[in-house]
Amino acid sequence: SNIRAVHSYEKYNDLDTINAWSANIAAQNPTLVSRLEIGTSYEGRPLYLLKVGKSGTNKNAVFMDCGFHAREWITPAFCQWFVKEAVDNYGSDDQITDLLDNLDVYVLTVMNVDGYVYSWNSNRMWRKTRSANKNSACVGTDPNRNFNAGWCTVGASSNPCDETYCGTAPESEKESKALADFIRANIGSIKAYLTIHSYSQMLLFPYSYTYALAKDHTELNNVAKGAVSALTSLYGTKYTYGPGGTTIYLSSGGSDDWAYDTGIKYSFTFELRDTGKYGFILPESEIVETCEETMLAVKYIADHVLNN
Ligand SMILES: NS(=O)(=O)N[C@@H](Cc1ccccc1)C(=O)O
Ligand SMILES: [Zn+2]
């Protein structure tokens with residue numbers, strides 16, 4: 001039908017509503033927001049990237065994505081919240097104004113668009129992409145096992161029927177390749193990579209594909225510590241933080257490890273609310289609090305990037 005759902009920041013929005021929202025927020029804030037397409041998905045849907053920041057030349061940037069895993073609906077909700085907060089508070093909130101004057105924030109609101117649509121229409125617990133696998137009836141690749149970082153060595157499966165299927169090769173998925181191509185093309189300016197997942201209430205950083213400490217471990221650990229205390233200060237939500245391998249589990253092919261090894265020092269994975277009571281099916285009543293507290297952590301990291 002041609003009836004368009006009304007967008008709300010306090011509800012989960014389907015992909016059509018999100019795409020209408022991203023077109024509108026760019027059109028209504030032409031000096032702060034522009035929308036570009038960085039590729040198309042397996043099923044042919046556009047991958048829209050929002051560029052948020054005062055227009056200027058050779059600014060540094062932060063890249064943030066949401067919706068890697070289809071069922072993690074709180075994450076696109078947070079990416080939308082971030083953009084809304086940025087445009088609503090630019091000019092009034094000093095931290096936001098400083099941030100957007102000096103940094104661009106690239107926001108990929110939904111990375112796994114096909115999976116997200118499938119989780120709305122067919123299987124709420126879907127995780128992977130929706131690409132066909134040769135010689136298998138099983139569908140999809142885990143996009144967070146599909147990057148060129150220790151690819152398919154630990155914590156990933158070469159069985160297309162598994163939830164952590166690594167794909168046929170690094171960046172085998174059109175969505176992974178589009179993201180990696182954009183970052184490679186802008187590697188000189190992108191100083192931070194934030195990938196937003198749920199659930200567990202954790203702030204993770206490289207590595208997940210090995211227990212070896214990242215060369216920047218001490219700094220990343222200190223930034224994570226500060227970001228988590230900023231987050232916790234609002235509603236008391238408890239987060240743990242540390243390298244992915246020891247904090248959650250060993251896993252390879254993750255986008256954060258790939259971004260870090262590609263030269264983006266400030267690479268973090270957020271695992272938003274909750275710790276398992278509702279899990280991926282976080283009630284809409286928790287969207288606002290989750291977004292508000294996560295904003296504090298993201299602003300803390302962006303501030304560190306700006307001042308280092
Ligand atoms: N969001 S989640 O529940 O799927 N957990 C993540 C955990 C994770 C986070 C960062 C790098 C690798 C793995 C996952 O991809 O398994
Ligand atoms: Zn995830």
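This is a predicted model: local features need pLDDT of at least 70, side-chain atom pairs count only at pLDDT 80 or more; totals for chains, interfaces and linings use all residues.
Residues are numbered from 1 along each chain as its sequence is written, and ligands from 1 in the order in which they are written. Local features need pLDDT of at least 70, and side-chain values use heavy atoms, without hydrogens and water.

Start by selecting ligand 2, the zinc ion. His69 (ND1), Glu72 (OE), Glu72 (OE) and His197 (ND1) coordinate this zinc ion at 2.0 to 2.3 Å. Donors are N, O and S atoms within 2.8 Å of the metal (3.2 Å for Na, K and Ca); water is not among the atoms, so sites may look incomplete. Along the chain the spacing of the donors is H-x2-E-x124-H. Histidine 69 lies in the loop between strand S3 (60–65) and helix H2 (74–89), and histidine 197 in strand S5 (residues 190–198), so the pair ties together parts 128 residues apart in sequence. Helices (H or I, at least four residues) and strands (E, at least two) are DSSP runs, numbered from the N terminus.

Now show the surface. Histidine 69 is buried at 3% relative accessible area, and histidine 197 is buried at 2%. Buried means under 20%, exposed over 50%, partly exposed in between (1.4 Å probe, protein chains only).

Next, select serine 198 and tyrosine 199: the peptide bond from the former to the latter is cis, with omega near -10 degrees. Tyrosine 199 sits in the loop between S5 and strand S6 (202–205).

Finish in the loop between helix H4 (113–121) and helix H5 (174–185), where asparagine 135 lies. Asparagine 135 has a positive phi of about 60 degrees and is exposed, at 83%. Glutamate 171, in the loop between H4 and H5, has phi near 60 degrees but is buried, at 13%.
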